[in-house]
Amino acid sequence: MRVFFRTALLWLTSLLMLGLAGCATPPPANDPDALAYYNETNDPLEPFNRKMYAVNNALDAAILKPVAQGYVAVVPEALRTGIHNMLGNLHTPVQLSNDMLEGKPRRAGDTYMRFLINTTVGCLGFFDVASKWGYPDHDADFGMTLANWGVGSGPYLYLPVLGPNDPRDFAGFGVDIAADPFTWVGQGAAVTALGYSRWAVTAVDARSRLLGSIDNIKKTALDPYATFRSLYRQHRQSQIEEMENDNRATVPVWFPQPASAH
Amino acid sequence: MPSRRFLLTVSAAWVALGARGNAQSGDAAAVAFVQSTGGRLVGVVNGPGSAQQKRQALTQIIDQVVDVDGVAKFCLGRFWRQASAQQQQRYMDLFHQVLVTNITSKLGEYQGVRFTMGRTTPSGDDVAVDTTVLRPNNPPTDVKWIISNSAGTPKIVDVVAEGTSLRLTQRSDYASYLNHNNDNIDALLSAMHNQVQQDLASG
């Protein structure tokens, strides 16, 4: 996994350098409408990003989408849900550390209880018992943590394989891989193979859950690239807002509650 | 002058109370509206009838409950002002058809749909009503309905699914299309026309 991590980083930085060569020129200042649009979309790398979007679409059509379709056709719904739950359970260390870095003790508590309950009662994470017991899942990653610390998203970025992104989330992605104990634990061919399989299954699982939506967007949007850009940003924004607004009190129920916490 | 101050305080309190009362009854009306509208939509989707009949029934409901003109204007953004009266008229017609085809093209996916009501929050001048949409073989989806009361009767002005607003997304789609077609509104209109024709041919 370490070698994979290093090569991936090298590869992506060189791609980014390439991207800088493909900058769009901002419209002149005497065209305020066009300038406002340029600033609003915040996509100075659009020419490069669109090329990467085309590359990703080709990769998707050739590999990921057919594999995801096959996965849905062959594997029954209940098994797919179980696999999805197990992948989420394996992600606990990263989620928990980000909950804590975001200063959200109740979210960290939820994540911790989810891990305890689902790993035991939920058969190594296959069944999401914790959600039914009052510990619902939530999103936490280092991109969100950076947003919580006041770091801006930066311009839009479309990366090969990874898809819609921005510098903040891309940095967060790297930190999350580095923070994942499974990146560093163990040695030997078997462990490496397991690590790769986990990423492959994660990709297929994520793609299979979006089969209908992505087809629909491509069918109904006049400019799917711009639509995905807008959807990505809105979705990230809503995840961040939900995290920031989650200010549940940490006072135990048998203590007098502070006025704000009802 | 204490009496004047007293009067001011009392009237301020009355205004505040009145506003609160209004907001609360507005919330209740919005919840009832979303519940009944959702029920009607689910009834058509899961009910009997051919695709054509369902399309007709949905068009009728959409006309009644969605502020189509308001949403259409919002989605065109600054280009609405730049469009000629004729272009505006054509755009309105096409937008209406696109909205209906976009919704009816998903009919199959929504077979067996149910929904549960959630909490209500203010959203600017409007009211946001949360629902959870449950479809067989799909994870539950959080859908927020933005209800405006500015026309006197409640109307849907936006649908926010998992944090993504339908009208904002549509607006950025049109803006980008226009940006890549020299801001030519006729190009957008013909693209919308093609879209409707394709949908009608395939569906």
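Student: Why does L79(A) count as exposed?

Tutor: This is a predicted model, and the label rests on a count of atoms in it. L79(A) has 11 C-beta neighbours inside 10 Å. A residue is exposed if that number is 12 or fewer, so L79(A) counts as exposed.

Student: Where in chain A does L79(A) lie?

Tutor: L79(A) belongs to helix α4, residues 77–90 of chain A. From L79(A) to F126(A) is 47 residues in sequence and 8.6 Å in space, C-alpha to C-alpha.

Student: What makes F228(A) buried?

Tutor: There are 20 other C-beta atoms within 10 Å of F228(A). The cut-off for buried is 20 or more, so F228(A) is buried. The residue sits in helix α13 of chain A, residues 224–244.

Student: Which residues is F228(A) in contact with, leaving aside its neighbours within four places in sequence?

Tutor: P164(A) and I217(A). A contact requires C-beta atoms within 7 Å. As for K51(A), its C-alpha atom is separated from that of F228(A) by 14 Å, and the two residues are 177 residues apart along the chain.

Student: Turning to chain B, how many helices and strands does it have?

Tutor: Seven helices and five strands. Along the sequence the pattern is α-α-α-α-α-β-β-β-β-β-α-α. Chain B has 203 residues, of which 22% are buried.

Student: How do you know that β1 and β5 of chain B are edge strands?

Tutor: The five strands form an open sheet in the order β1-β2-β3-β4-β5, with antiparallel pairing. β1 and β5 of chain B each pair on one side only, and that makes them the edge strands.

Student: What shows that β1(B) and β2(B) pair?

Tutor: Pairing asks for at least two bridges between the strands. Eight bridges join β1, residues 114–123, to β2, residues 126–134, in chain B, so the two strands pair; they run antiparallel. R114(B) stands opposite L134(B) of β2(B), and T120(B) stands opposite V129(B) of β2(B). The hairpin of these strands has two residues between them, and G124(B) takes a positive phi near 65° there.

Student: How many residues of chain B are in contact with chain A?

Tutor: 20 residues of chain B are in contact with 18 residues of chain A. Two elements of chain B, β5 (164–165) and α6 (166–179), each supply at least two residues of the side that touches chain A. The largest share, nine residues, comes from α6(B). On that side of chain B, five residues are nonpolar, ten polar and five charged.

Notes
Residues numbered from 1 in each chain as written. Chains lettered and ligands numbered in written order. Predicted model: local features only at pLDDT ≥ 70, side-chain atom pairs only at ≥ 80, totals over all residues. Contact = placed C-beta atoms within 7 Å. Helix = DSSP H or I, 4+ residues; strand = E, 2+ residues; numbered from the N terminus. Nonpolar A, V, L, I, M, F, W, Y, C, P; charged D, E, K, R; others polar.
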